[in-house]
Structures are given as structure tokens and as C-alpha cells.
Amino acid sequence: MNTALVPLLSDVARLVRRSFDARARDIGITRPQWQVLSVLARHEGVNQGGLADLLEVEPITVCRMVDRLQEAELVERRPDPADRRSWRLHLTDRGQAIIAQLRPLVEVIQAEAFEGVSLAEQAALGVVLERVRANLIRRPAARAGGQDHG
């Protein structure tokens, strides 16, 4: 096994985040805000607990993030018709516009990152990374630390 792969993946992820942050700053949005908005774009109407699960963060963290996004008029909370205690989250028109502004930035970053990499190589990498992600999702963190050997 090539033990240099995990540090390499970490380094690539850090560089992608840095590139995104530099470009998104001009639009006035942070990467965590972009993550919330992009998840909401794919899961319109999710409640805060569901959003926390999708983002893999604590519910209180999502609550604070949604509070800020609501103040910025990017997200709105709507009552859940099935549960009076719950709120469903939706992008506002302004939130949709931010998503539309950020998508081209992501495409530019992806084009720069994969310059000189063939479409076949990109497809193969995608397959491998999906498998790696599935392996890590399937394995609880406590077992992933080397306690589970098989």
C-alpha cells in the first residue's frame, strides 16, 4: 500500500479549498456557507437535523450557520406542515443567485485542477474516490483507527 496517498489527498483537498476561498471571497461567501447552500440546493426543504446529518456537523453548528444565512436573506425557514416544532429550510431567490454565481467558480477550479488529465483518467479517479469514500463512510471512526482488521 502506498502510504503517501492519504497525505497527498489531504494536500489536494487543502489546495482546492484555498483556491475556492480566494475566489469566493469576492462574492462575499465562505466555504462553509457555500456547503450549506449547495446541500440545500440538492435537498430543498430538509429540516435542520437532516441538514446537520448531510453536512456531518452538530445540529447547533447548523443552527448558527442557518441563522447567519437567514440574516443575509439567503435561506428561509418555513414551518413543517407535519411537525409544528420543526422548520424546513429553503433557499431564497438571493440564495439561488449565489449558487448560480459560485457554480462557474467551481468549474474553473476543476478545470485548473485537472489540466493535462484525460477524461478517462478523471473518470477512473472518480470511481476510485467514490469507493474510498464509501469505505470510510461504512467504517465508524473508532474502528477506522486500526482496531478493525478485517
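This is a predicted model: local features need pLDDT of at least 70, side-chain atom pairs count only at pLDDT 80 or more; totals for chains, interfaces and linings use all residues.
Let me begin where two helices touch: Trp34, Leu37, Ser38 and Ala41 in α2 meet Ile98, Ile99, Leu102, Arg103 and Val106 in α5, where contact means heavy atoms within 4.5 Å. Residues are numbered from 1 along each chain as its sequence is written, and side-chain values use heavy atoms, with hydrogens and water left out.

Coming back to that pair, helix α2 covers residues 31–42 and helix α5 covers residues 93–113, and their axes come within 11 Å and cross at roughly 105°. That makes α2 roughly perpendicular to α5, on a scale where angles under 35 degrees count as roughly parallel, over 145 as roughly antiparallel, 65 to 115 as roughly perpendicular and the rest as oblique. The axes here are lines fitted to C-alpha atoms, for helices over the stretch in contact, and the angles run from 0 to 180 degrees between N-to-C directions.

Let me now step back to the whole chain. Its secondary structure comes to seven helices and two strands, and along the sequence the pattern reads α-α-α-α-β-β-α-α-α. Helices (H or I, at least four residues) and strands (E, at least two) are DSSP runs, numbered from the N terminus. Taken along the principal axes, the C-alpha atoms fill a box of roughly 50 × 40 × 25 Å. Of the 150 residues in the chain, 24% are buried, where buried means under 20% relative accessible area, exposed means over 50%, and partly exposed lies in between, with a 1.4 Å probe and protein chains only. The chain exposes about 10,700 Å², of which carbon and sulfur atoms supply 55%; these accessible areas come from the Shrake-Rupley method with a 1.4 Å probe, and for residues only the protein chains shown count as cover. Among contacts between residues at least 6 apart in sequence, 48% join residues at least 24 apart.

Val12 lies in helix α1, which spans residues 5–24, and Val12 is partly exposed, with a relative accessible area of 45%.

Side chains of opposite charge can pair when their charged atoms come close. A salt bridge here is a side-chain nitrogen of Lys or Arg within 4 Å of a carboxyl oxygen of Asp or Glu, and by this rule the count comes to eight. One of them joins Arg14 and Asp11, at 2.3 Å from N to O. Because Arg14 and Asp11 are three residues apart in helix α1, they are separated by about one helical turn. Arg14 is partly exposed at 37% relative accessibility, and Asp11 is likewise partly exposed, at 31%.

Another salt bridge links Arg78 with Glu76, the closest N and O atoms being 2.6 Å apart; Arg78 is partly exposed at 36%, and Glu76 is partly exposed at 29%. In the pair of Asp83 and Arg85, the closest N and O atoms are 3.2 Å apart. Asp83 is partly exposed, with a relative accessible area of 24%, whereas Arg85 counts as exposed at 73%.

Two loop residues also deserve a look. Where does Glu56 lie? Glu56 sits in the loop between α3 (48–55) and α4 (59–71), and its phi is near 60°, a positive value in a residue other than glycine. Glu56 counts as exposed, at 68% relative accessibility. Glu73 lies in the loop between α4 and β1 (75–80); phi of Glu73 is also near 60° and positive, again in a residue other than glycine, and Glu73 is exposed, with a relative accessible area of 53%.

I will end with Leu125, which lies in helix α6, residues 119–138, and is partly exposed at 35% relative accessibility. The C-alpha atoms of Leu125 and Val6 are separated by 14 Å, although the two residues are 119 residues apart along the chain.
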